Amino acid sequence: MITAEYTVPGIHVRDHQVPVPLDWSTPNSTEGITLFARELVAPHQRNETLPCLLYLQGGPGGKGPRPLDTSGWLGPALKRYRVILMDQRGTGRSSRIEGGQMARFGSPELAAQYLMHFRADSIVTDAEHLRRTVFGDEPWSTLGQSYGGFLTLTYLSQAPEGLKSCFVTGGLASLHPDAREVYRRTFPRVEAKNRLFYERYPHHIETVANIADTLNESDVFLPDGDKLSVRRFQALGLDFGMQQGFERMNWLLDEAVDYSDHPGRFPASFLNQVMHRTSFGDNPLFAVMQESIYGHGVAPSTGWAAGQELGEHPQFDERQRPLLFTGEMIFPWMFNDIKALQPFAGAAEILATKPEWSTLYDLDRLASNDVPVAAAIYFNDMYVDASLSLRTAHEVGSMHAWVTSEFEHDGVSNARVFQHLSQLLSSTGKGVSLD
């Protein structure tokens, strides 16, 4: 059902809402959720028949983009496609999940059982339902950024008949998921990013040390009442894998330079920014479901893999100097210390110890895949290990991999990335040219 139609600069928009079952294995159950999708098209082509491109956003737990203009990948895509931005279930306007809802389940076990319906297999089934019922039942193309690449591999495993071609940017996941192995590879890359940050901004070695010392010596509270600990301060390193992550950290720390040696007197601007960047208030599912994306079939429990692996890297200890920031890592303490995550604590513990999962990847089907796929693998990607991505590239049929050190994990924000991937497929005669 179209709920609204309007035009923003350079983009004509239609909003769609459709009901879907919570549990696709029992589609006739009375319990359902709402799936929201936004359809974008160049205004002068609004009535033309165009192929559809579904954007699968990163995460988990991130809502679809809210475009302000046609910058990045969107501009080139709108030249040839009708672009679909689907809020993945549990995010944005697709029956968003927040902490306040957890109390209704009555027990952590029931809450965890509910959250299991928000994994990649359910998201892909939602997308297929949307394609068949709203967008003409014609195969469409997908662009998967980060976690969207994980979803792409699940889509190719579950319903390749719904796909015409696929693009992946910074998200070609291992087909043999092992959360502990992922973080074993991640910590050295995060350490390297820290070294690069301090090489670029050496004066912040002292800034960061002063802040950490202050937090160890005094109780400092964020505007929402959460205590700012050193380990929460370290979590700001999540941004280091993005193109301008170092610069954002530089200017954040700049806010505290003149205050870091005065206990409890950090400026409100600094504390507000730290709160927003580390609270998960906008996307709690990112923290709750982060390690579960590596749960597949009878794979071992994720077991708080990032926390286990942290113990093997004493250089990240909060007493070390220079202090190292952590990256895309979720730790058990977060569900005690961070207000937005506290309602999920019991369910998160159950998910972390779960011994068996739904199957996300069909290895035989992927090996014989004939849907053309073009994937950007970022050589220096802090979040997704390039060597694991290359292994996947060799294990998936009709895969065209482009390895580059020019971009960081958010390279899709540069129009040249999508244009290059499009050229890779169009040169094989299986893609849509953007020229």
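How do the residues of the lining of the second largest cavity divide into nonpolar, polar and charged? They come out as nine nonpolar, three polar and one charged (Ala, Val, Leu, Ile, Met, Phe, Trp, Tyr, Cys and Pro count as nonpolar, Asp, Glu, Lys and Arg as charged, and the others, Gly among them, as polar). Keep in mind that this is a predicted model: local features need pLDDT of at least 70, side-chain atom pairs count only at pLDDT 80 or more, and totals for chains, interfaces and linings use all residues. Residues are numbered from 1 along each chain as its sequence is written, and side-chain values use heavy atoms, with hydrogens and water left out.

**Cavities**

- The structure holds seven cavities of 30 Å³ or more. A cavity here is a set of points, on a 1 Å grid over the protein atoms alone, where a 1.4 Å probe fits but cannot get out, and lining residues have an atom within 4 Å of a point.
- Grid points are joined across faces, edges and corners, and a volume is the space filled by probe spheres set on the points.
- The largest cavity has a volume of about 130 Å³. Its lining runs to 14 residues, with Phe150, Ser174, Val182, Tyr294 and Leu388 nearest the centre.
- By type, the lining of the largest cavity splits into ten nonpolar, two polar and two charged residues. Helix 5 supplies the largest share of that lining, three residues (helices are DSSP runs of H or I, at least four residues, and strands are runs of E, at least two, numbered from the N terminus).
- The second largest cavity has a volume of about 90 Å³. Among its 13 lining residues, Ala287, Val288, Glu291, Trp304 and Ala348 are the closest to its centre.
- Helix 10 (284-289) and helix 13 (345-352) each give at least two residues to the lining of the second largest cavity, and the largest share, three residues, is from helix 13.

**Salt bridges**

- The count comes to 29 salt bridges (a side-chain nitrogen of Lys or Arg within 4 Å of a carboxyl oxygen of Asp or Glu).
- Asp385 and Arg189 form a salt bridge at 3.0 Å, N to O. This pair links distant parts of the chain, 196 residues apart: Asp385 is in the loop between strand 8 (373-378) and helix 15 (386-395), and Arg189 is in helix 5 (residues 179-200).
- Both Asp385 and Arg189 are buried (under 20% relative accessible area, with exposed over 50% and partly exposed in between, using a 1.4 Å probe and protein chains only).
- Helix 5 also carries Lys193, whose salt bridge with Glu408 has its closest N and O atoms 2.9 Å apart. Lys193 counts as buried because its relative accessibility is 6%, and Glu408 does so at 18%.
- Arg321 and Asp213 pair up at 2.8 Å, N to O. Arg321 counts as partly exposed at 31% relative accessibility, and so does Asp213 at 32%.
- Glu5, Arg14, Glu39, Arg46 and Arg82 are linked in a salt-bridge network.

**Strand 5**

- Six of the six residues of strand 5 (residues 82-87) are buried, so the strand is largely enclosed by the rest of the structure. Arg82, Ile84 and Met86 cover one side, and Val83, Leu85 and Asp87 the other.
- Strand 3 (residues 32-41) runs antiparallel to strand 5, with five bridges joining them (two strands pair if DSSP finds at least two bridges between them). Phe36 has Asp87 as its bridge partner in strand 5.
- Strand 4 (residues 52-56) is parallel to strand 5 and joined to it by four bridges. Cys52 stands opposite Arg82.

Conventions. On a 1 Å grid over the protein atoms alone, a cavity is a set of points where a 1.4 Å probe fits but cannot get out, and a pocket is an open set with protein on both sides within 12 Å along at least five of seven lines; lining residues have an atom within 4 Å of a point.
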